[in-house]
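Take a look at the protein chain below. This report walks through a few of its features.

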Amino acid sequence: MSKLASTLKSLLAGEFICPVAHPASYDLLSEEEHRAAAEAWVAELGYRLVRLSEEGAFFLAPEVADTEARAAIRESLRNVRSILWPIVPVLEAVRQAQGQDSHLQPGLMLWESELAERVRLTPALEQQVMELSLTGMRLDASSNDRVSRMLEFLVKERYAMPLPNDSRGYKLTGKIEFLYAVLEVIAENTELISDADVVDQEQMRLPEAAKE
């Protein structure tokens with residue numbers, strides 16, 4: 001399978017192509033010739049290749065907002081709001097406690113031991129972590145176990161990648177930029193989530209604004 005074919009397969013599977021998760025594919029799409037070929041190919045399937053910034057991850061968005069695409073977007077928003085919404089602010093707060101930028105950035109290193117220690121030494125953060133509803137986690141689980149589960153979840157959802165040969169280190173992927181963009185949309189339209197027509201219009205602004 002050629003590199004372009006492999007890249008297209010990843011895109012169609014919903015992957016975010018960034019230097020962390022897919023370095024070879026990212027370098028490929030960064031070249032105008034290959035990017036144009038990918039854009040032409042996905043256009044035939046009703047998609048377009050987009051990114052949120054000049055150095056952001058590449059991903060696919062529907063060319064036309066049909067019923068199926070709108071339903072998928074709404075479902076994605078519900079998942080983010082119910083599952084990731086409580087986790088991301090905690091990670092942001094941890095970074096703030098370490099004197100870093102408030103927003104998590106692609107490529108940022110996260111060390112489980114460091115995060116767990118910061119949580120343990122910051123009562124407000126520890127309380128937040130202990131109150132999180134994490135799938136499969138016992139109610140009496142320690143904050144250390146909960147931090148570990150949070151990081152595992154970020155890996156599962158492709159927002160982070162474990163470092164090779166180091167089970168305690170993680171690096172954030174380019175998908176984190178998309179997460180923040182979605183969270184911003186949700187924050188602006190929380191009471192309208194159930195209103196399909198209004199929310200769909202708001203969601204479609206995201207891929208449109210990301211268009212190159």
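The sections below go from the whole chain to single residues.

## The model

This is a predicted model, in which local features need pLDDT of at least 70 and side-chain atom pairs count only at pLDDT 80 or more, while totals for chains, interfaces and linings use all residues. Residues are numbered from 1 along each chain as its sequence is written, and side-chain values use heavy atoms, with hydrogens and water left out.

## The whole chain

The protein chain has ten helices and five strands. Both are DSSP runs, numbered from the N terminus: helices are H or I with at least four residues, strands are E with at least two.

Of the 212 residues in the protein chain, 42% are buried. Buried means under 20% relative accessible area, exposed means over 50%, and partly exposed lies in between (1.4 Å probe, protein chains only). Take the contacts between residues at least 6 apart in sequence: 56% of them join residues at least 24 apart. A contact means heavy atoms within 4.5 Å.

## Helices H7 and H8

Two packed helices are described by the angle between their axes and the distance between the axes. Helix H7 spans residues 123-131, and helix H8 spans residues 143-156. They pack at an angle of about 65 degrees, with axes 9 Å apart. The axes are lines fitted to C-alpha atoms over the stretch in contact, and angles run from 0 to 180 degrees between N-to-C directions. H7 and H8 are therefore roughly perpendicular (65 to 115 degrees).

Which residues meet? Glu126, Val129 and Met130 in H7 meet Ser143, Arg146 and Met150 in H8. The residues of this contact divide into three nonpolar, one polar and two charged. Here Ala, Val, Leu, Ile, Met, Phe, Trp, Tyr, Cys and Pro count as nonpolar, Asp, Glu, Lys and Arg as charged, and the others, Gly among them, as polar.

## Two sides of H6

Helix H6 covers residues 112-121, and Glu112, Leu115, Ala116 and Val119 are buried there. Seen down the axis of H6, these buried residues fall within an arc of 95 degrees, so they line one face of the helix. The arc is that of the directions from the helix axis to the C-beta atoms. On the other side of H6, Ser113 and Leu121 are exposed.

His34 lies in helix H3 (residues 32-43). His34 is partly exposed, at 24% relative accessible area. Leu4 is 30 residues from His34 in sequence, yet their C-alpha atoms are 7.4 Å apart.

Arg158 lies in the loop between H8 and strand E4 (160-163). Phi of Arg158 is near 70 degrees, a positive value. Most residues other than glycine have a negative phi.

Methods:
Parallel < 35°, antiparallel > 145°, perpendicular 65-115°, else oblique.
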